[in-house]
Amino acid sequence: MARVQLELPEQFLYTHTINVRMTDLNTGKHVGNDQMISLLSEARYRFFCDVGFDQFESQGQSIVVTDLVATYKAESFAQDDLQFEVGLMDFNKYGADLIFRVTKQPSGQVVVLAKQGFVFFDHARHGVIPVPDNFRQQFASIPDQA
């Protein structure tokens, strides 16, 4: 199987640093895939909080992750400070893609590039809903999906 190539535009909107805990490590003594996904979810949550959107319940709406692509470039270990840069791209009627670049600090070495699709969801109706106008307007400069 050919490796996935992930090209991300330079449209990161938020940065947050997380220190790797020893409990984030796997038997290889580096951050495991499952833990990296959890760290990406934490960065996503903090990004949404930063822009004033409670991804769990905002005006009866939340988000659901639809897909994830991650390419691993380097290992990370306990005590590493990982900088998570988060951005948005490819808006569509129901959601968009979050993009992530994770780097070790202070070296700047890339650890992970990731893209995570999401849609807005109404749990009472059990269905996908259009992107809320107030959310889309916050990111008017980001183009819709081609």
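**Exercise 1.** Find which residues F135 is in contact with, leaving aside its neighbours within four places in sequence.

*Solution.* Take contact as heavy atoms within 4.5 Å. With neighbours within four places in sequence left aside, the partners of F135 are F48, F53, L88, F91, F118 and F120. The model is predicted, so local features need pLDDT of at least 70 and side-chain atom pairs count only at pLDDT 80 or more, while totals for chains, interfaces and linings use all residues. Residues are numbered from 1 along each chain as its sequence is written, and side-chain values use heavy atoms, with hydrogens and water left out.

**Exercise 2.** Describe the largest nonpolar core and state which elements supply it.

*Solution.* Step 1: apply the criterion. A nonpolar core is a set of buried Ala, Val, Leu, Ile, Met, Phe, Trp, Tyr and Cys residues joined through side-chain atoms within 4.5 Å. Buried means under 20% relative accessible area, exposed over 50%, and partly exposed in between (1.4 Å probe, protein chains only).

Step 1: list the members. The largest core has 32 residues, and those with the most contacts inside it are F47, F48, F84, L88, F118 and F135.

Step 2: assign elements. Helices (H or I, at least four residues) and strands (E, at least two) are DSSP runs, numbered from the N terminus. At least two core residues each come from β1 (12-19), α1 (33-50), β3 (81-89), β4 (95-105) and β5 (110-122). The largest share, six residues, is supplied by α1.

Step 3: check for a further core. Apart from this one lies another core of six residues, including L8, M89, I99 and L113.

**Exercise 3.** Determine which residues are linked with R101 in a network of salt bridges, and whether each is buried or exposed.

*Solution.* Step 1: search for salt bridges (a side-chain nitrogen of Lys or Arg within 4 Å of a carboxyl oxygen of Asp or Glu). The whole structure has eight.

Step 1: take the first pair. E10 and R101 form a salt bridge, with the closest N and O atoms 2.6 Å apart. E10 lies in the segment before β1 and R101 in strand β4, 91 residues apart.

Step 2: take the second pair. E85 meets R101 in a salt bridge at 2.8 Å, N to O. E85 is in strand β3, 16 residues from R101 in strand β4.

Step 3: E10 is exposed at 62% relative accessibility, R101 is buried at 18%, and E85 is buried at 13%.
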